[in-house]
Amino acid sequence: MTMKSKGNRENTKGRLMMFGARFVVYFILIFLSVLCLFSFYMMLVNSSRSNFELQAGFTPWFSTHFFENLSNAWNDASINIPRGMLNSFLIAACCAILTTYFSALTAYGVHVYDFKLKKFAFYFIMAVMMIPPQVSAVGFIQLCYDLKLTNNYIPLIVPSIAAPVVFFYMKQYLESVLPMEIVEAARIDGSGEFRTFNQIILPIMKPAIAVQMIFAFVASWNNYFIPSLILDKADLKTVPIMVAQLRSADYSKFDMGKVYMFILLAILPVIVVYVILSRAIIRGATAGAVKG
Amino acid sequence: MRKHKGVSYAKWGYIFIIPFFVVYILFTLVPQLTTFYNAFFENYRSGLKQIGPNYVGFDNFIKLFTPDKSGSIGMIKYFGNTVILWVLGAVPQVAVALLLAVFFTSYRLNIKGQQFFKTVIYMPNLIMAAAFSMLFFTLFSPIGPINQIILSSGWADKAVDFLGMRVSVRLLISLMNFLMWFGNTTILLMAGIQGIDQCLFEAADIDGANSLQVFFRVTLPLLAPILVYTVITAMIGGLQMFDVPQVLTNGKGTPDRTSFTMVMYLNNYLGTSKNYGMAGAISVVLFIISASLSLVVYKTLSRPYKN
């Protein structure tokens with residue numbers, strides 16, 4: 001009897017503590033979520049308000065000037081945002097395709113074939129993975145000037161063929177999914193090595209390629225440092241350069257509703273992709289690093 | 001892997017990896033070497049005149065570490081700024097991420113709505129840093145909504161100059177870096193915890209260990225390799241800090257260059273002056289710091305794990 005009631009009391013105590021712990025945990029989670037969303041919510045609200053309303057003070061409610069701001073931003077004379085978005089999209093799409101195809105190709109080459117420099121190739125790529133890209137910027141810019149490649153998209157697109165991190169991800173993926181029997185069966189059926197890769201291996205790697213395409217696209221869309229050093233012609237500029245330009249302009253003369261709209265347009269494509277594909281993206285963020 | 005009799009496929013290995021290596025050598029390795037080479041030359045533009053390139057030995061490095069008129073050494077100051085900004089963002093980033101990763105993976109807590117929380121906290125990681133920074137600039141400007149809220153609620157008589165004070169600029173930059181990275185770190189650490197053998201947690205449970213004991217005796221030691229990886233990548237990312245302070249302070253590192261980072265310094269020399277000599281010298285220093293830091297962190301953090 002006494003034993004039982006003591007057990008019950010402990011049980012209630014335990015449950016109360018668990019309840020308290022859950023309360024604290026949910027509080028922390030909600031607080032952090034609000035912190036993450038707060039600035040974007042303010043941006044959305046303010047992009048729907050006129051300059052006059054914005055000067056008058058902050059209210060957390062949406063107003064009616066969203067489409068007016070959108071058309072003002074879209075047709076702005078000094079910052080050609082539709083052109084910038086088109087430029088950024090073009091570069092990011094090319095980067096996404098090149099980086100995934102060639103990383104998969106390289107990973108397949110190192111994974112499947114036996115050759116003298118196989119180990120060297122792998123460890124070389126692993127070693128250079130950690131080097132920050134800014135460290136070679138001086139030589140890179142000089143090279144672009146020497147080859148007359150400034151104000152050109154080639155130096156922003158072609159280097160994405162050699163992406164050590166994506167290579168590493170693809171290599172890990174191949175290790176986990178690719179049985180050698182498939183390659184050998186293809187050979188017996190008379191398939192050439194390139195055909196085997198393009199028609200059999202690539203479809204197997206589709207999930208890895210899709211995830212890395214998204215990451216490569218986003219990284220290129222957001223890239224600011226190198227493009228800002230290479231592009232200075234107005235109609236070649238990408239979105240991040242335009243955003244920085246917005247900052248260096250005398251903002252007090254600006255229609256602030258338009259400024260919020262510019263920022264919204266700059267991040268909108270990525271947000272849309274994220275809302276649709278968040279599950280796959282979050283899974284992809286994990287997969288590459290588990291063994292790393 | 002397995003070799004076929006008579007047929008060697010070795011040449012295909014080379015063919016498949018050639019594009020990667022050709023592009024890497026042309027666009028990264030050669031520029032890397034010419035960057036280092038540049039560090040030993042005087043080579044810049046003064047107005048319309050091009051000076052150099054003339055070989056000057058270690059002069060650029062000496063100049064880099066020579067005090068200016070006010071007695072402060074630019075390189076040291078900007079390295080200090082970068083470290084301060086990084087630490088202010090990265091310490092809460094790793095701490096909060098570790099906490100959240102434990103919450104999410106705890107079967108006792110059994111958190112509902114995990115997918116929602118993960119989606120929200122990971123989102124800032126994908127946002128364009130330049131745009132995020134521009135957004136914070138407009139929100140915290142003297143006429144921005146944060147100041148409007150402060151004024152209308154009577155917390156202050158006049159607008160707070162968030163972008164003119166050292167403390168607030170540094171805190172804003174760190175806050176942005178924290179927001180952009182803690183979700184990413186949480187997800188990495190979660191994967192690490194999920195990779196730990198579940199039997200160990202069950203055994204600890206049966207032995208009567210409480211949550212804190214489980215965390216410090218089981219989770220943390222076994223998570224060490226992933227934690228090392230996280231800290232190294234965060235550190236190398238921190239050294240590259242550029243977009244956020246550049247856009248927030250319009251490339252000036254205001255006030256008085258107290259939020260000026262190493263890469264902003266590098267970028268400054270690559271601008272109109274095209275001072276490749278000094279920029280090269282900064283790059284060499286950056287390279288040495290990032291290489292040695294990652295070595296040090298790796299060694300210190302992997303020691304307790306091995307024992």
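1. The interface between chain A and chain B draws on 70 residues of chain A and 75 residues of chain B. Contact here puts the C-beta atoms of two residues, placed from the backbone, within 7 Å. The model is predicted: local features need pLDDT of at least 70, side-chain atom pairs count only at pLDDT 80 or more, and totals for chains, interfaces and linings use all residues. Residues are numbered from 1 along each chain as its sequence is written, while chains are lettered from A and ligands numbered from 1 in the order in which they are written.

2. On the side of chain A that touches chain B, at least two residues each come from helix 1 (2–46), helix 4 (81–112), helix 5 (118–128), helix 6 (137–146), helix 11 (206–222), helix 12 (225–230), helix 13 (239–248) and helix 14 (256–287) of chain A. Helix 1 of chain A gives the most, 13 residues. Helices are DSSP runs (H or I, at least four residues), numbered from the N terminus.

3. That side of chain A has 50 nonpolar, 15 polar and five charged residues. Ala, Val, Leu, Ile, Met, Phe, Trp, Tyr, Cys and Pro count as nonpolar; Asp, Glu, Lys and Arg as charged; the others, Gly among them, as polar.

4. Chain A splits into domain 1 (2–69) and domain 2 (70–287). The bounds come from an automatic or database domain assignment. The C-alpha centres of the two domains of chain A lie 34 Å apart.

5. The contact between these domains takes 13 residues from domain 1 of chain A and 12 residues from domain 2 of chain A. On the domain 1 side, helix 3 of chain A gives the most, with four residues. This side divides into five nonpolar, six polar and two charged residues.
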